[in-house]
Amino acid sequence: MNIYRKRILKCLKSFYIAHRGLFENSGDAPENTILAFKKAVNAGYGIELDVQITKDKRIVVAHDYDLKRICGEDILIKDLTYQELRKYKVLNSNESIPLLEDALGVINGKVPLIVEIKTESDYKEVTMLTSKILSSYSGLYCVESFSPFVIGWYKKNNPKIIRGQLADDLVQKKHFKSHFKNWILTNMVFNLFYKPDFIAYNHEYGGNKCIRFWKRLLGCSLAAWTIRSQEELERAAEKFDIFIFDGFLPAVKTGTEH
């Protein structure tokens, strides 16, 4: 691993990472909005955000594929142009869903950034467009995705970028109808081919043997999502290296490196 990649991983470990920014969904800075990112930067937290693609091929920052929860409209983001999307306000605030470029302008390399690539649509298109935008960003960042094919794309096409495999215990949750698919994704079988630099796993299942197996085999770091109390943070510290949080304020780490 080269010096640049080592520096990014070290930086991620030296910050607590604010999930979707430092947000308050009942207030003026809801999740994945410019104001939530500004608040995270000002408070000294790293940032995790989600990106996906619009009808007119713009990369926007939003977690849900539709607007039902955050805007009260039963419509998919991929079916709207960016100009149509920006008319909607997020969770009764004055904030709208931002472009990735605008979020990057606010963060501006002041804190480390984790970009989760959402892939309901064609994974290649959203991954390539996101990579193009990030290529001109001078701050420290990495990418992650639940899709192993995104991780594989980065390994092949942009290997200098730190990449993380997101996962959850889909077997216990019975997320998909196919038990085989749940097993494959829970145990991250594609890691054998795509070799992520870190694994981001639901901290509630931090004891899963598959996490320890991949850590030993690949020598990768482990990120915990999503920590929602100081007690959960202290428990996760026994198993994980990187911590993604929301809903409370952990003490900002001292001696951080930018």
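## A look around a predicted model

Asparagine 92 is exposed, with 85% of relative accessible area; here exposed means over 50%, buried under 20% and partly exposed in between, using a 1.4 Å probe and protein chains only. This is a predicted model, where local features need pLDDT of at least 70, side-chain atom pairs count only at pLDDT 80 or more, and totals for chains, interfaces and linings use all residues. Residues are numbered from 1 along each chain as its sequence is written, and side-chain values use heavy atoms, leaving out hydrogens and water.

Back to asparagine 92: it sits in the loop between α4 and α5. (Helices are DSSP runs of H or I with at least four residues, strands are runs of E with at least two, and both are numbered from the N terminus.) Its phi is near 65°, a positive value in a residue other than glycine. Lysine 57 also has a positive phi, of about 65°, and is not a glycine. You'll find lysine 57 in the loop between β2 and β3 (59-61), and it counts as partly exposed because its relative accessibility is 44%.

Now for a residue on the inside. Isoleucine 77 counts as buried because its relative accessible area is 0%. Its place is the loop between β5 (73-76) and α4 (82-85). Beyond its neighbours within four places in sequence, isoleucine 77 has contacts that include Gln52, Ile53, Val60, Leu85 and Ile97, where contact means heavy atoms within 4.5 Å. Aspartate 64 is another contact; it is 13 residues from isoleucine 77 in sequence, and 8.4 Å away in space, C-alpha to C-alpha.

On to the helices. Pro148, Val150, Ile151, Gly152, Trp153 and Tyr154 are the buried residues of α7 (residues 148-157). They pack against several elements, among them β6 (113-117), α6 (123-134) and β8 (163-167). Helix α6 also packs with α5 (residues 100-107), at an angle of about 35° and with the axes 10 Å apart. Those axes are lines fitted to C-alpha atoms, for helices over the stretch in contact, and the angles run from 0 to 180 degrees between N-to-C directions. On the α5 side, Leu100, Glu101 and Leu104 meet Thr130, Ile133 and Leu134 of α6.

On a 1 Å grid over the protein atoms alone, a cavity is a set of points where a 1.4 Å probe fits but cannot get out, while a pocket is an open set with protein on both sides within 12 Å along at least five of seven lines; lining residues have an atom within 4 Å of a point. Grid points are joined across faces, edges and corners, and a volume is the space filled by probe spheres set on the points. There are two cavities of 30 Å³ or more.

| Space | Volume |
|---|---|
| Largest cavity | about 70 Å³ |
| Second largest cavity | about 50 Å³ |
| Largest pocket | about 890 Å³ |

Of the 38 residues lining the largest pocket, Glu116, Lys118, Phe146, Leu166 and His175 are closest to its centre. Lys118 turns up in the lining of the largest cavity too, as does Ile77. In the second largest cavity, 13 residues form the lining, and Glu31, Asn32, Val61, Ala62 and Ile70 lie nearest the centre.
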